[in-house]
Amino acid sequence: MSSALLQVRGLSVIARATQGDITLVDRLSFDLGPGEILGLVGESGSGKTLACRALMRLLPSANLRAEGQAVRLAGQDLLRLDEAGMRRLRGHGLGMIFQNPSSHLDPLMRIGAQIAEGVRLHQGASRREARAEAIEILRQVGIPDPQTRVDNYPHEFSGGMRQRAMIAVALGCNPQVLIADEPTTALDVTVQAQILRLLLELRDRRGLSMILISHDLGVVAQTCDSIAVMYAGRLCEHASKPALLAQPRHPYSAGLLACHPAAQGQGRRMNSIAGQPPLLDAPPPGCRFEPRCNQAGPVCREQPPALRDIGAGQRLACHLPLLDGGSA
Ligand code: SF4
């Protein structure tokens, strides 16, 4: 039996369009262990945010639907839960934080009250206990003078402190898994490093499992235990962080690394991957990366590569994988 806390099996997100259905996330499968931080990386539009919103059953449009074999959190299949069950589970089972805290914090509600709301709802605490817990959580996320700051409104916090406050609101629900969607993209480099350190501390202190969505492999390299690379709606490589950074086997992973040499601790010249991802209403019939891949052979144009285990916990979807981690 798998020891995974979260098991995702064959999760797809499909858009209804006038010309027919368009698959935006295509049969995503992965496991997340207790206390593990998984980095979900890929270019904008690769489907990483949509996939995580599908896990939360919070797709941003009525024209989108999620399908799949199963999404099990601690054994409970979220795809089969009714909306009332899902509402109970959001926050407590799966929490989510975002790039822009201002659009997710209530500007008219004190920070402490926003944290305490989740504490009362999900932990059954009294008003007094919830306030004490809100102060403690503010302390844990590094807000100075939390006894005073608990009564502040979001506009009284700086950008970095608002990001910490949003994390505190999520923690108030005591989630099993925290999904962090580009949590540091809008922050300057110093604050970004502080927030990443905070996420690591929270994992260590609370045993929290996390999915960190990022387009930036450097951010993922600083934080995650394992990395899943998405391209054009599909998972193309999934491995432990050391394995993927030391020897990416998929040409797209290698290309991303070449764009972020700092992720490998190297000072190489920055490259970029030439070309654009395909439009998902008419993707290439074979490998979706084929038009941009300098490893491609005839088989790549004809058959989509299946995701397969290649040993040591590594999974790969490529007909002609790299052997030495060279760039695509
Ligand atoms: Fe490149 Fe072929 Fe691998 Fe696709 S399957 S990434 S085109 S080598």
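**A walk through the predicted fold**

Just after helix α1, R57 takes a positive phi of about 55°. Helices here are DSSP runs of H or I with at least four residues, strands are E runs of at least two, and both are numbered from the N terminus. This is a predicted model: local features need pLDDT of at least 70, side-chain atom pairs count only at pLDDT 80 or more, and totals for chains, interfaces and linings use all residues. Residues are numbered from 1 along each chain as its sequence is written, and side-chain values use heavy atoms, with hydrogens and water left out.

Stay with α1 for a moment. The helix covers residues 48-56, and seven of its nine residues are buried, so α1 is largely enclosed by the rest of the structure. Buried means under 20% relative accessible area, exposed means over 50%, and partly exposed lies in between (1.4 Å probe, protein chains only). Which residues of α1 are buried? They are K48, L50, A51, C52, A54, L55 and M56.

Now back to phi. Most residues other than glycine have a negative phi. N174 has a positive phi, near 55°. N174 sits in the loop between α6 (159-172) and β8 (177-181). Its relative accessibility is 34%, so N174 counts as partly exposed. A312 also has a positive phi, near 55°. A312 lies in the loop between β12 (308-309) and β13 (315-316). With 85% relative accessibility, A312 counts as exposed.

Step back to the whole chain. The protein has eleven helices and 13 strands. How does its radius of gyration compare with that of a compact globule? For 328 residues such a globule would have a value near 20 Å, and the protein has 20 Å, which agrees. The radius is taken over C-alpha atoms, and the globule rule is 2.2 Å times the number of residues to the power 0.38. Along its principal axes the C-alpha trace spans about 65 × 45 × 40 Å.

Buried residues make up 53% of the 328 residues. Contact means heavy atoms within 4.5 Å. Of the contacts with a separation of 6 or more, 62% join residues 24 or more positions apart. The accessible surface comes to about 14800 Å², and 50% of that surface belongs to carbon and sulfur atoms. These areas come from the Shrake-Rupley method with a 1.4 Å probe; for residues, only the protein chains shown count as cover.

Charge comes next. The protein has 35 positive and 30 negative charges, and their mean positions are 1 Å apart. Lys and Arg count as positive, Asp and Glu as negative; His and the chain ends are not counted. Each charge is placed at NZ of Lys, CZ of Arg, CG of Asp or CD of Glu.

An annotation covers part of the chain. UniProt places the feature "domain: ABC transporter" at residues 8-257, in an unreviewed entry. UniProt positions follow the numbering used here, feature names are shortened, and annotations may be inferred rather than shown by experiment. Over residues 8-257 the chain is 40% helix and 26% strand. The end C-alpha atoms of this stretch are 26 Å apart.

R205 lies in helix α7 (residues 189-206). At 46% relative accessibility, R205 counts as partly exposed. R205 and Q140 are 65 residues apart along the chain, with their C-alpha atoms separated by 9.4 Å.

Move on to I273, in the loop between α10 (251-259) and α11 (298-302). Is I273 buried or exposed? I273 is buried, with a relative accessible area of 17%. Not counting residues up to four places away in sequence, I273 touches Y252, G255, L256, C259, F289 and R292. The C-alpha atoms of I273 and C293 are separated by 8.9 Å, across 20 residues of chain.

The last stop is C300, in helix α11. C300 is buried, with a relative accessible area of 7%. Leaving aside neighbours within four places in sequence, C300 is in contact with G286, C287, E290, H319 and L320. C300 and R288 are twelve residues apart in sequence and 8.8 Å apart in space, C-alpha to C-alpha.
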